[in-house]
Each structure stands twice: as C-alpha cells, then as structure tokens.
Amino acid sequence: MLETQPAKIDEEKFVIHNLVKREPRAGLAEDVRRGLSTQPKRFLPKYFYDQLGSQLFEAICLLPEYYLTRAENEILQRYADEIVFSLDGNTTLLEMGSGSASKTRLIIEALLRKQKQLRFIPVDISATALDSSSRILLQSYPQLEIEAYAADYFAGLAELGKTQRSRTLALFLGSNISNFDPEEALKFLRALRHVLREGDALLLGADLKKEKSVLEAAYNDALGVTAAFNLNVLARINRELGGNFDLRAFQHHAFYNETAGRVEIYIESTREQTVTISQLEMTVQFAAGEQIHTENSYKYDLSDIASLADETGFTRARTWLDEKQQFSSNLLLAV
C-alpha cells in the first residue's frame, strides 16, 4: 500500500518572523495573577485559545445559533471579486489575526483571478498556527509568496511599519474588532492606518446590532459548547498553573447589554468557595454569584463603523451585507 507524502513547498516562498518575546506560560501566570487580584475579577480573552480552546471555537462556528461565521462566509463568497477589484493594480494581502486563514482563501482566489502572483502577509500570535496554515496555503496556491509574522497585533504592526509594500488590502475578519473596547479599537485602527499608504484599504468584518434574543442565543448555545469554551480558561489554569478550580462549581453567563451595545461574557461562581493556584502560590476567595469577566463582544451599526473609520484615517467606501443583514464587511480606504 502506497503512503501519500505531503507535497513539498518552495521554501524560498515562505518566511516566518517570530517576534513573540516572552514564554507564553509566563505571560499567562502574570495575567492570571493580575486578573484575579482586581475587583471585579477578569481574564484576558486571548487565553481562550489553547489547543482545546481553539478546537472548541471551531465547533462554535458550526453551531446553528452562531450566525457570524456563516454570514461572513456568505458575503465573501458572493462579493470577493467586487472587493478585490475595488483596488487598482497589483495588490499585496495583509491579514491581522489570520488563524487558519480559512475565509482568507476566498479573497486569495479572487486576487489570483485578478493577478498572476500574490504576496500574502499574515500576522498571528501563534507561530505554530502560522506555519501550518501557510504551508497548506502554499500547497493549494503555488502563486503565493508568504511572509508571516508571529506577533501580537501591535508588535506585528510596528515591524510592518519598517517595510515597503505595493498597494495593500488589509483584512481584519471575523468581527475581531468586536473584542476591543472602544478606545482600544481606535488605537488598533490608528496603528494599522500608520502602516498603510493613502489608497490602501482595510476590509473590516463587523457584527451588527440586532434583536437581543438572536445575540444572546449566539453566545448561549443549546449544546453548551460556548459554555465549555468559556470554562476551559479555568481548566487551562488547572493544567498549566496547578490550579484546583472545580469546573462544576462555576457556570457560563452571557447577556446583551443594550446600553453599551455589547455582549458581556462571564464565569460565575455558583457557591462560596476557595481556589488555590500552586504555581502562583495564590489563594482566591469567591462569593456565591461572584463573576470573572472574560470577554466583551461589541456590536455595531453602520454609522458606528463610519465613525470608527473617520476617527482613524479611513473612510468607509463600501459595505456588503449577508442576505439576513446580520453581518457587515466594510471596505475602509486609507485617506
């Protein structure tokens, strides 16, 4: 029986710059200590995405209640050619938070219908994910040349600010902008605008404001996958830092705060309890009903997106919506 060997890629077409300065576990320890010492308690959402957390999030994207991924895919499948032909000449593709780059393929294919070769610059915190996704893309699209940056957003943008590129289309998909508080969103978009030239563009995915029932269902699915994703942060602390969180004594809680225009996500203690984290030499007291804030997911209307653009050196040139008008893909031109 013959074994199939993975296709070889041209290594000259792939380079990865690893800018991650500190050992990930040290960062987790520092941030967990800080987060559990504040009132109210909080965790940073980036710690959702260990190996198990990433698999759970992929499962969330397939849930019937979680419309965001399907809606954005629908837009990109229908309008990718319109999007890429909005920019003149040969285009470089830059993506912030590229992950598995699954939706990116639709834009890559559209660009390769427009031009013979494509330079792709993915930026992601995980060097492992970048290496894997880049090699898969190069096997699928030999016309690609990939220069990847393993870095957080701001370190990656600082490095990209030192380099020259052709006309650039930047991608920030999946409504990742939703996880920034308003001031953080402005800071991020200004930093991204700083590395773009006038006439470059950003395709910004943004989830739209809608009925409370639809939004809350998306973050409280019937199968409990989102709850498992949220509580996996506690399991990660147990695994990596010697914690003794009893996951059965905590529950997932998510609701839409209409005044703030965001879904707020918490882990809630179901009883009074004490937790120890051995590697931090830390003991944490929880009251019954006390919450750990893990994430916000801001929702937008089109005027919000236009204001974001205007305040950060862009102008909203085009917006594409899915058929149900639940999600938006916005072309912001650098001005």
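Reader: Are F250 and F286 buried or exposed?
Author: The model is predicted, local features need pLDDT of at least 70, side-chain atom pairs count only at pLDDT 80 or more, and totals for chains, interfaces and linings use all residues. Residues are numbered from 1 along each chain as its sequence is written, and side-chain values use heavy atoms, without hydrogens and water. Buried means under 20% relative accessible area, exposed over 50%, partly exposed in between (1.4 Å probe, protein chains only). F250 and F286 are both buried.

Reader: What geometry does the aromatic pair of F250 and F286 have?
Author: Rings of Phe, Tyr and Trp (its six-membered ring) pair if their centres lie within 6.5 Å; planes under 30 degrees apart are stacked, over 60 edge-to-face, the rest tilted. Here the centres are 5.3 Å apart, with 85 degrees between the planes. That makes the F250 and F286 pair edge-to-face.

Reader: How many residues apart in sequence are the parts that F250 and F286 tie together?
Author: Strands (E, at least two residues) are DSSP runs, numbered from the N terminus. F250 lies in strand 8 (residues 250-257) and F286 in strand 11 (residues 282-286), so the pair links parts separated in sequence by 36 residues.

Reader: Which residue lies over the face of F286?
Author: A charge sits over a ring if NZ of Lys or CZ of Arg is within 6 Å of the ring centre and within 35 degrees of the ring normal. For F286, the distance from the ring centre is 5.1 Å, and the residue is K41.

Reader: Which residue lies over the face of F154?
Author: The distance from the ring centre is 5.0 Å. The residue over F154 is K187.

Note on methods:
Helices (H or I, at least four residues) and strands (E, at least two) are DSSP runs, numbered from the N terminus.
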